[in-house]
Amino acid sequence: MEIAEAAAETTTTMMTTTTVIVEKNNNHNNNEPTDAMTKLSKLFWHGGSVYDAWFSCASNQVAQVLLTLPYSFSQVGMVSGIVLQLLYGLMGSWTAYLITSLYLEYRLRKQTQKPHYFTNHVIQWFEVLEGLLGRRWRNVGLVFNCTFLLFGSVIQLIACASNIYYINEKIEKRTWTYIFGACCATTVFVPSFHNYRIWSFLGLAMTTYTAWYLAIASFLHGQVEGVKHSGPTKMVLYFTGATNILYTFGGHAVTVEIMDAMWKPEKFKGIYLMATVYVLTLTLPSAAAVYWAFGDLLLNHSNAFALLPKSTFRDLAVVLMLIHQFITFGFACTPLYFVWEKAIGMHKCKSLCKRAAARLPVVVPIWFLAIVFPFFGPINSAVGSLLVSFTVYIIPALAHMFTFKSPAARENAVEQPPKFVGRWVGTYTINVFVVVWVLVVGFGFGGWASMTNFIRQIDNFGLFAKCYQCPPPLPSQQHNFTVAPPPLHHHHH
């Protein structure tokens, strides 16, 4: 009798899931006018296919971090760099699978209770946590997710200023941050992840060019005279580099929003794995090639563009990365916009202009923090160890274990774990490994190392640094200062 009831319940669950997805497709299709302008808009603007999700995941994973990975390789060494990328790529894909399972579970339960609850509503990670595990989990998820997205957006602004400087050195990096902050504020006009179709495609194409430019240009340049590959030499440097690599595969802060924009969200887990595989084909060759060519010089140059000779190809790579960083800024900021809209009651407002105006206050603190902490490279490691470790790895693994801790919950789960991982026993084993590894290596050692390095940058360059890691002035510009302290209005001759 119990077996029959369980089978009936499972069948009902599967039918409800199908209904949810079909309903999602129908809702999407019913809103489509047929005029030519709308068809063009649909082609470039309205996306929800598996391809859109793949482009969004891949382009969101690898943007400016591509330029800091050679720096990480100089800290951890070639072998560790490759092994850690493969390890964190697999772990990131695993936790993306966990988040997919939790999202489908939450959506099914909520939509069974309130069929029209998600009309004009974007589901977010903290809502999934609240629906499955309660308010405390929601609060923890909200704090970590929002702080990570905030600093993820800050990093994009810092990266924009750092990159454009290699084309125009007459303007300081801090001034470039002001300029790009204003440019990135225009992302308030992008309604949701449905509307990133053309942008995510272009973003990935641009990053692909940049990655292969870095690899090919490094090989053509050859090794610098007396090149040394001494990494790893210090624990601080090793774990700083390791947490930057951990940060590379930490695009999960926008995972639920991308999944929710899909017509068939249950396919997301496979898409994320394929996106990670593609990202590895970009990050491994480029980081290894640049480190092979420049070795220990990268320890003082966190941006790979700094060491490659100026050329048309390099300038093109810089410009393409700038555009992609603008797109990635939008990816990181859009979930923050949703949280803010929900907080002030504007999320279901149909006026795009009103929503855009309401979103503007979110950009201001991001702009300010990018000017305060312009430490391109070290800030990635700090965010990786303190925020990504929990947001991407620890919280999803723990949430999955607690959601399905009872036999009834496991039996009626929408997503049953695959056989090749050992079903529920294997799933729990992997989850425990992820939690312990990231807690000790990522948060513990990584947090200590990255914060030590971060504080060192503040001591060396100061807050609000005008031009972080810019070449020092030539000695000829300084010789007047060696004789005596100049008067206040002294002019150089």
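Predicted model: local features only at pLDDT ≥ 70, side-chain atom pairs only at ≥ 80, totals over all residues.

Me: In which helix is serine 218 found, and what is around that residue?

Reply: Serine 218 sits in helix α9, which covers residues 197-221. Its relative accessibility is 0%, so serine 218 counts as buried, the cut-off being under 20%. Leaving aside residues up to four places away in sequence, serine 218 touches Tyr213, Ala289, Val290, Trp292, Ala293, Phe294 and Leu308.

One of those neighbours, Trp292, leads on to another piece of packing. Trp292 of α12 is also among the residues in the contact between α5 and α12. Helix α5 spans residues 78-113 and helix α12 spans residues 268-294; they pack at an angle of about 165 degrees, with axes 10 Å apart. Angles over 145 degrees count as roughly antiparallel, so that is how α5 runs relative to α12. The crossing of the two, α5 and α12, is right-handed.

As for who makes that contact, α5 contributes Met78, Ile82, Gln85, Leu86, Gly89, Gly92, Ser93, Ala96, Tyr97 and Thr100. From α12 come Phe268, Lys269, Tyr272, Leu273, Thr276, Leu280, Thr283, Leu284, Ala287, Ala288, Tyr291 and Trp292. Sorted by class, the α5 and α12 contact holds 14 nonpolar residues, seven polar ones and one charged one.

Searching the whole structure turns up zero disulfides.

Conventions:
Residues numbered from 1 in each chain as written. Heavy atoms only, no water. Disulfide = S-S within 2.5 Å. Axes fitted to C-alpha atoms, helices over the stretch in contact; angles between N-to-C directions. Helix = DSSP H or I, 4+ residues; strand = E, 2+ residues; numbered from the N terminus. Parallel < 35°, antiparallel > 145°, perpendicular 65-115°, else oblique. Left-handed = near helix turned anticlockwise from the far one by under 90°. Contact = heavy atoms within 4.5 Å. Nonpolar A, V, L, I, M, F, W, Y, C, P; charged D, E, K, R; others polar. Buried < 20%, exposed > 50% of the residue type's maximum accessible area, 1.4 Å probe, protein only.
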